[in-house]
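Hi,

Here is the structure we talked about. My notes on its salt bridges and sheets follow below.

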Amino acid sequence: TETNVEQIAEDALSEVRVVPNPYYGYSTYEGDQLDNRVRIINLPFSCTVKIYSLDGTLVREYTKDSEQTNIDWDLKNHAGIPVSSGIYLVHVDAPGVGETIVKWFGSMRPVDLNSF
């Protein structure tokens, strides 16, 4: 086993994904009708994940420092307000390794509280 190989670590950043992409109002990660979430996968051990709208507004920021290779985004901004449908940019910055940007499209479903 080889360790501390920078080229392999840099190449692994190209495997970062947001799933499902595109998001059409539902993912298998959701537990109930009020739960909206997508998963950002193949993340390095230590990184910062920032999610931006297309106009450059920072929507949400996560700091990851664990063995887990994914994080769940609940499709809310930093204030806990659900995001609107559209295209978002997910910027992953891994110190000492590099950075990558992933584009994500989501079409949100309206909340239907009458079906409970």
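Arg 37 is partly exposed, at 21% relative accessible area. Keep in mind that this is a predicted model.

Salt bridges first. The count comes to 3. Arg 37 meets Asp 72 in one of them, at 3.7 Å from N to O. This pair links distant parts of the chain: Arg 37 sits in the loop between β2 and β3, Asp 72 in strand β6, 35 residues apart. Asp 72 also bridges to Arg 39, with the closest N and O atoms 2.7 Å apart. Here strand β6 is linked to strand β3, across 33 residues. Asp 72 is partly exposed at 26%, and so is Arg 39 at 22%.

Arg 60 pairs with Asp 74, again by a salt bridge, with closest N and O atoms 2.7 Å apart. Arg 60 is in strand β5 and Asp 74 in the loop between β6 and β7, so the pair ties together parts 14 residues apart in sequence. Arg 60 counts as buried: its relative accessibility is 18%, under the 20% cut-off. Asp 74 is partly exposed, at 23%. Shared partners join Arg 37, Arg 39 and Asp 72 into one network.

Now the sheets. One is open, with 3 strands in the order β1-β3-β6 and antiparallel pairing. Its edges are β1 (17-19) and β6 (71-73). Neighbouring strands there are turned by 30° on average, direction ignored. Arg 17 has Ile 41 in β3 as its bridge partner.

Another open sheet has 5 strands, ordered β2-β8-β7-β4-β5, with mixed pairing. β2 and β5 each have a single partner strand, so one side of each lacks a neighbour in the sheet. Strands β4 and β7 run antiparallel, joined by 6 bridges.

Best regards

How values were computed: Residues numbered from 1 in each chain as written. Predicted model: local features only at pLDDT ≥ 70, side-chain atom pairs only at ≥ 80, totals over all residues. Heavy atoms only, no water. Pairing = 2+ DSSP bridges. Helix = DSSP H or I, 4+ residues; strand = E, 2+ residues; numbered from the N terminus. Axes fitted to C-alpha atoms, helices over the stretch in contact; angles between N-to-C directions. Salt bridge = Lys/Arg side-chain N within 4 Å of Asp/Glu carboxyl O. Buried < 20%, exposed > 50% of the residue type's maximum accessible area, 1.4 Å probe, protein only.
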